[in-house]
Amino acid sequence: MKQLNNHESRTCVRTMVRMVTPAGSDGFISLYLDLPEWDYTPGQFVMIRPENWDNDPVWPRPFSICEVNRNGLRLFIQVVGRGTRLISRLTPGSRVDLWGPLGNGFKFDPDDRLLILAGGMGIAPFIGLCKNHPHPEKVSLLFGHRVGIECYPLDELPQGMDKQYARQEGQSDLVLFQEMLEKRIQEFSGLGRILACGPTPLLRVVSSLSLKYKAETYVSLENKMACGVGACLGCVARTSDQGYVQTCTHGPVFRADRIVWEV
Ligand SMILES: Cc1cc2nc3c(=O)[nH]c(=O)nc-3n(C[C@H](O)[C@H](O)[C@H](O)COP(=O)(O)OP(=O)(O)OC[C@H]3O[C@@H](n4cnc5c(N)ncnc54)[C@H](O)[C@@H]3O)c2cc1C
Ligand code: FES
């Protein structure tokens, strides 16, 4: 798990599917690809486009790098639409165009404490981060999810890590989850760095609580992306210091207090 600079060693390669494994019953898969010749920083992402897509869909799809292990480069994907459905049907040996590693990733000192706040698929970049962390006892996780916990590979997380899971099935659960977030952010402020990834409403709440408690927080935005390399301007986010910037090249990880959340 090397820490790379933004844009360092960004490549496009044609690679091969090694394995597709389903998780739970809600259309979650782990997609393993032949490992290209690069290392990555957790929080960086790839764009993938299977060779058999021809012109439909046109654009590749972005996914966080979940981890790199003996099975190859792993992406953890939830099937939500046409592109992810087609990806879930890939078989070993299928060819895929892969751009990466893209974006900046999460920077942190492994000796400092980390609080990870993840919602749903926002867990993907943290699987490899936690599995490779040299001091799991310094890492805490609060994970909010809507579908069954068995869909997520949480049993792979290291022993000794502090983990808290909260399912949101209704409005009252959401209020409870926000209270949990507030308590964790308040307690953690000044102790270490907070990293968050998940749906925009979660990141917006995390950012506002981090401002309130002056916690050092980084959020990974999942804006929709078409090119992944700064060219299409489809993924812009508004920042307090640079105005509108491309999330794919300036992020996807930003200091929470830099983001101006659009209403
Ligand atoms: C940097 C980054 C990292 C990501 N990492 C992961 C990951 O590790 N695992 C994973 O499952 N997904 C991840 N996503 C989201 C993933 O890219 C989308 O779910 C996927 O592109 C949807 O493609 P589709 O063709 O199946 O859906 P579409 O047919 O394009 O859309 C289906 C539904 O998904 C929603 N959707 C589409 N794109 C996004 C998006 N970028 N964010 C949120 N909702 C979206 C649409 O609004 C729509 O409701 C990531 C997105 C970004 C930008
Ligand atoms: S996805 Fe094209 S500019 Fe970011």
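A residue counts as near a molecule when one of its heavy atoms lies within 4 Å of that molecule, and the legends below apply this cut-off to a predicted model.

**View 1. The residues around ligand 1 in the predicted model.** Ligand 1 is surrounded by 19 residues, and the closest among these are R61, P62, Q78, G83 and T84. Sorted by class, the shell consists of nine nonpolar, six polar and four charged residues. Strand β4 makes the greatest contribution to this shell, with four residues.

**View 2. Backbone atoms in polar contact with ligand 1.** An oxygen atom of ligand 1 lies 2.6 Å from a backbone N or O atom of P62, and a backbone N or O atom of G83 is found 2.7 Å from an oxygen atom of ligand 1. At S64, a polar backbone atom is 2.9 Å from a nitrogen atom of ligand 1. When ligand 1 is taken alone it exposes 860 Å², of which the protein buries 75%. Two or more residues of the shell around ligand 1 come from each of β4 (61-64), β6 (72-78) and α1 (82-88).

**View 3. The largest pocket, whose space is taken by ligand 1.** The space that ligand 1 takes is the largest pocket of the model, and about 1,200 Å³ of space lies in this pocket. Its lining is made up of 46 residues, with V80, M121, G198, P199 and E222 lying nearest the centre. The elements that supply two or more residues to this lining are β4, β6, α1, β9 (139-145), α3 (171-188) and α4 (200-213). By class, the lining of the largest pocket divides into 24 nonpolar, 17 polar and five charged residues.

**View 4. The second largest pocket and its lining.** The second largest pocket has a volume of about 200 Å³, and of the 13 residues that line this pocket, T200, N223, V236, A237 and W261 are the closest to its centre. Helix α4 and strand β13 (236-239) each give at least two residues to the lining of the second largest pocket, and the largest share, three residues, comes from β13. The lining of the second largest pocket comprises seven nonpolar, two polar and four charged residues.

View 5. P252 is placed in the loop between α5 (247-250) and β15 (253-255). These bonds are shown in close-up because most peptide bonds are trans.

**View 6. The backbone at D54, with its positive phi.** Although D54 is not a glycine, this residue has a positive phi of about 45°. D54 is found in the loop between β3 (45-50) and β4, and β4 is the strand that gives the most residues to the shell around ligand 1.

Notes:
Residues numbered from 1 in each chain as written. Chains lettered and ligands numbered in written order. Predicted model: local features only at pLDDT ≥ 70, side-chain atom pairs only at ≥ 80, totals over all residues. Heavy atoms only, no water. Polar contact = N/O pair within 3.5 Å; in protein donor to acceptor, adjacent residues only side chain to side chain. Areas by Shrake-Rupley, 256 points an atom, 1.4 Å probe, with all protein chains shown as cover. 1 Å grid on protein atoms, 1.4 Å probe; cavity = no way out; pocket = protein on both sides within 12 Å on 5 of 7 lines; lining within 4 Å. Sits in = over half its atoms within 2 Å of the grid points. Nonpolar A, V, L, I, M, F, W, Y, C, P; charged D, E, K, R; others polar. Points joined across faces, edges and corners; volume = space filled by probe spheres on them.
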